[in-house]
Amino acid sequence: MKLPETIRAAFVIARRDFSATVLSKTFLFFLIGPLFPLAIGFGFVGIGAQVDRSSKPPPVAVIASDQDFGRLAAARERLEPLSDAVPLVELRHVAAEPDLAAQRSRLLSDNSRPVIAVLDGGLTFPHLTGAVTSKGRTARQIGLYVDEARRMAVERPSLGSPLYLTPTASTSGLEAFARNLTARFGQTLLFVLTIMLAGMVLSQLIEEKSSKVIEVLAAAVPVNAIFLGKLFAMLATSLVGIAFWAAIAASLIDLLKEGGLAALATPAVGWPAFLGFALLYFSMSYLLIGATFLGIGAQASTAREVQILSMPVTMGQLLLFGFAAVGVGEPMGAPAIAAAIFPLSSPFAMIARAAEQPALWPHLVAVVWQALWVALILKVAAAVFRRSVLKSGRSRGWKRFFRRAEGVEQLMVP
Amino acid sequence: MGERAIAAEARDLTKDFDGKRAVDGVSLTVPEGSITGILGPNGAGKTTCLRMMLGIIDPSSGSRSLLGHDRPLEVARQVGYLPEERGLYPSMPTSEAIAFLGALRGLPLKEGRRRALQLLKDAGHEDWAKRPIRTLSKGMAQTVQLLGTIIHEPKLIVLDEPFAGLDAINQQKLEQLIRDQAAAGVTVIFSTHVIAHAERLCERIVIIAEGRAVFEGDVNEARGRLRPIVHLRTRSADGPWREALPASARLVGGEWRFELPASGPEPLLKALIDGGAGIETLSIERPGLHDAFIAIAGEAAAREMGHVPNAEEAA
């Protein structure tokens, strides 16, 4: 059958599959399904922040003179910029009482104003008592306070000017680091979408097998066209999902401007081209991995068999992602080039390259290369399907490797 | 066959499944505009032959051509096929399912929808149009699939066991549909294990038994393989007239049955009269396709098709 006729037949099958999927009630669950983890994630972030606020560790009571406590507090203030996410241990000044031991014991057991430890002895003989260890955060930080307070006590104030800052838009080091982050983000997004969506094609032929439609299809159009149609129908379905999720994500991005996606560096090829490549490489990745899955899934005759196949298939996807991730940061390195050449990891490697390198021609080469492999994989998958499921063609020794499940034999062989 | 063009042809088709030969050197020729029946018991290889002819599966050896093409899928637009295992998408509305089957064969969807409604209307089933396939009975779904088989107005229709699962009324409707298609110049090939359908519809038959085509030709030619049967009742129980009967003559319920001798009816009649048989009744019957099938395919094949009672049943 000629190519235009194959494409026409594939379109007929794709149109049927697409409308059957998108117009079904279960498609709504498909659309909102990925939003559940997001909602749960946001929920946990909120709860986490709440927990974080309420779980700040109690302060250390400092039994010291006003002068010593003032130095310790000043030392803590100087050290505070070094601590970003984890707050430094707070100090509470307590005036000394005659019976130090009794005061120490009372402070440690006071439930109305709880403290984690008691520091006494001033800067000369500092002594920390409490539920702390020498390598724990509280003891280490108190040790730093004491050292800094002592240094501040003996040094004169510096005569030099404070640090003078001249901000620039960017530097090569910062840009490389930031683009690396963008590359990883792009790669991860591509991977997550592919792993989430490409698995769907595993079960694509189950409906036809169980309803016996496969015989009608195979009598009217080539198996290549059936596979191509099914693959593109699922790609179109996935793109509908992605458009929906992107719309939801756009509002979230707006919420997350500070430190969120807006903080990503501009990719080397620019944002418009990068987003175009993201869509293109998602499609290529979907078609490549989907064609492989379709070929594997076509051998299954029941949903149970598809489930059994899902685990190794997911592991395979993880390996591909890992392979492509090794090259991020060194786009001209051997791992990055190898990942770009290996067809199944090529889209992941190339989206990272789009973030890191401005040249556009490698993308043209990559897309042609990937498209060739989609055609090749589909051809092989269709041939295996014809031989192993339809039991067509002349016998081959290797066909036993692809021998299908007993149920399918009963289904297809008259 | 005369000058008629060939619609479908198979030469020495062979198919092996995992080392087991399912079809063994089948050759057949289907003239354009004919109704050809492929007869044989279940498992004889009829469906495998049809699937090879249609290009669903490739033969292990041999060749086939459909409407003059070696690659059957190249003429898929001109072929309609009703598989033995009926297959429709359960959630699809009926008219859409018919239009989809047409679209697979190159009919534009819009035109397919129009024709689907018309076909349903002509068949008196307009009310099925919007019903999902899953709500139809098995017989109704079969009718829908049959309409999907002819929606694109094919030149050749291949029906695999089309009468299976239909009640008597729908079988009659299907027979009429096949006749109408043939009258319109469409070539029809159908497989069946019910000889009566083939006898009523076909001008040509192919008998397949154990993967081999044991007969291919006109129905009359198949019948012609057997000599006419003489049914004779005489007043005289014995006498010289008995010498006129062939050795294979059997007495069944007071009636003699035997093949008409090659010399024809006149010498037989003369010998009976001269021998004093006292002829009460004498009839000469042309054998039916059923008798021809038994003679050609053998009693075992006929028994598998349920046409000859086995010894136990007869007893």
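## Contact between the chains

In this predicted model, 27 residues of chain B are in contact (C-beta atoms, placed from the backbone, within 7 Å) with 25 residues of chain A. On the side of chain B that touches chain A, two or more residues each come from β1 (6-17), α1 (46-54) and α2 (94-104) of chain B. The most, four residues, are given by α2(B). Helices (H or I, at least four residues) and strands (E, at least two) are DSSP runs, numbered from the N terminus.

## Nonpolar cores

A nonpolar core is a set of buried Ala, Val, Leu, Ile, Met, Phe, Trp, Tyr and Cys residues joined through C-beta atoms within 7 Å; buried denotes 20 or more other C-beta atoms within 10 Å of a residue's own. The largest core has 148 residues, and A:Leu231 and A:Ala381 have the most contacts inside it. Its largest share, 13 residues, is supplied by helix α11 (residues 271-297) of chain A.

## Strand β10 of chain B

Strands count as paired if DSSP finds at least two bridges between them. β10(B) runs antiparallel to β12 (residues 255-259) of chain B, with four bridges, and B:His231 stands opposite B:Arg257 there. Six bridges join β10(B) to the antiparallel strand β13 (residues 279-285) of chain B, where B:Thr281 is the bridge partner of B:Arg233.

## Conventions

Residues are numbered from 1 along each chain as its sequence is written, and chains are lettered from A and ligands numbered from 1 in the order in which they are written. For this predicted model, local features need pLDDT of at least 70 and side-chain atom pairs count only at pLDDT 80 or more, while totals for chains, interfaces and linings use all residues.

Technical notes: Buried ≥ 20, exposed ≤ 12 C-beta atoms within 10 Å, placed from the backbone. Contact = placed C-beta atoms within 7 Å.
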